Amino acid sequence: MTKKSAFNRFSPGDYVVTIVMLLICFISLYPVWYTIIISFNDSSDAMRGGIYWYSRKFSLESYRTVFQDKTIMNAFMVTILRTLIGTVTSVFFTAMVGYALSKKHIWGNKFYLIFGTITMFFNGGLIPFFILLKNMGLYDNFLVYIIPSLFNFYNMIIFMSYFREMSPALEESAKLDGANDFTIFTRIILPLSMPVVATIALFNGVGHWNDYFSGVMYINNAKLQPIQTYLYRIVASASASKSVVAMPAGVAAQQVSSTSVRLATMVVTTAPIVVVYPFLQKYFVKGFMVGSIKG
C-alpha cells in the first residue's frame with residue numbers, strides 16, 4: 001500500500017483556508033511594504049506614481065531629513081524616555097499590587113477586587129479626567145505620561161493569577177532566613193515571574209509607544225510631545241488640505257516632499273516595536289495563557 005503524498009493529506013477545505021489566510025496576510029502586510037518602499041524612494045520620482053513592489057529610484061534623503069530635524073528627534077527621544085520609564089514603573093507598581101492581592105488573607109481583598117472590577121467598565125469620562133490631571137499639576141508636564149498609567153487593573157489580575165500559582169514554600173523559606181515581604185517580592189517573586197513580566201511589559205511598552213492621544217490632550221509644549229503626536233499632527237495637516245501641505249520644520253521643499261517625510265517618520269516610529277516584539281513573543285504567549293491550565 002503506497003503512502004499518500006503530502007499534498008493528498010490536505011482536504012479541499014484546507015486549501016481554501018490557506019488561500020484565504022494568505023490573502024489576509026497580503027492585505028495586512030502590503031500597506032506596510034508600500035510605506036517602506038515609498039519612504040526609500042526619491043520623493044520627486046515617487047510623485048509620478050506607478051511604484052507598487054520596489055523602490056524605483058532609491059534615496060535616503062527622506063530619512064536624512066527626519067534625523068536632521070531637531071523637532072522630530074526631540075519627539076523621538078520623548079517617546080523613548082516615556083516608554084522606558086512608563087513601562088518599568090507600571091510593571092513594578094502593578095506587580096506589587098498584584099502580589100499583595102494574591103494573598104487571600106489580606107484584609108479587604110474581595111472588596112478591592114470588586115471595586116477594581118467596576119472601574120474596568122465604568123469611568124468618570126474624559127472631561128473630569130482632564131480637570132483632575134490639570135488640578136494635579138500634570139497638564140503640560142512629562143509626568144502626565146507616567147502617573148496615570150502606573151496601574152492597570154486588568155494587568156494586575158494577570159499578575160495576581162500568576163503569583164497564586166507559585167509555591168508558598170518559596171516565601172516561607174525566605175521568611176525563615178529573615179527576608180521581609182519587599183525583599184521576597186523583588187528578589188524571589190519577580191525573577192521567577194519573567195514570562196508574565198515580559199508580557200505586561202510588552203503591553204505597556206506598545207501602549208506608550210503608540211499613544212498619541214495623551215500628547216494631543218494634555219501637552220501644549222512642543223518640546224514634550226511624543227513622536228506619535230508629532231506624526232498625527234503632520235498627517236492631520238496633510239488630510240485637512242491636500243493641495244497645500246504644511247511642511248514639518250527643517251524640511252526643504254526642493255529636496256523632499258511632506259508625504260515622503262511622513263512615510264519615513266512612520267517607518268522610524270514603527271521599526272523599534274517590530275524589532276523588539278519577536279524576542280518577547282515566546283514570553284508573551286506563555287504569560288498570556290497564565291491561569292488557563294492548572295498543574
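This is a predicted model: local features need pLDDT of at least 70, side-chain atom pairs count only at pLDDT 80 or more; totals for chains, interfaces and linings use all residues.

Biologist: How many helices and strands does the protein chain have?

Modeller: Helices (H or I, at least four residues) and strands (E, at least two) are DSSP runs, numbered from the N terminus. On that basis the protein chain has zero strands and 13 helices.

Biologist: Is M156 buried or exposed?

Modeller: M156 is found in helix α7, which covers residues 153-164. Buried means under 20% relative accessible area, exposed over 50%, and partly exposed in between (1.4 Å probe, protein chains only). M156 has 0% relative accessibility, so M156 counts as buried.

Biologist: Which residues does M156 contact, leaving aside its neighbours within four places in sequence?

Modeller: Contact means heavy atoms within 4.5 Å. With neighbours within four places in sequence left aside, the partners of M156 are T94, V97, G98, L101, L113 and F151.

Biologist: Which residue caps the N-terminal end of α7?

Modeller: Here we look for a polar contact, a pair of N or O atoms within 3.5 Å; within protein, one must be able to donate a hydrogen and the other to accept it, and residues adjacent in sequence count only if both atoms are side-chain atoms. A side-chain oxygen lies 3.0 Å from the backbone nitrogen of Y154, and the capping residue it belongs to is N152.

Biologist: Why does T87 count as buried?

Modeller: T87 is found in helix α4, and its side chain reaches the backbone oxygen of T83 at 2.6 Å. T87 counts as buried because its relative accessible area is 12%.

Biologist: At what angle do α4 and α9 pack?

Modeller: Axes are lines fitted to C-alpha atoms, for helices over the stretch in contact, and angles run from 0 to 180 degrees between N-to-C directions. Helix α4 (residues 70-101) and helix α9 (residues 181-189) have axes 12 Å apart, and they pack at an angle of about 115°.

Biologist: Which residues of α4 make the contact with α9?

Modeller: On the α9 side, the contact is made by D181, F182, I184, F185, T186 and I189. On the α4 side, the residues are F92, A95, M96 and Y99.

Conventions
Residues are numbered from 1 along each chain as its sequence is written. Side-chain values use heavy atoms; hydrogens and water are left out. The expected span of a helix is 1.5 Å times one less than its number of residues.
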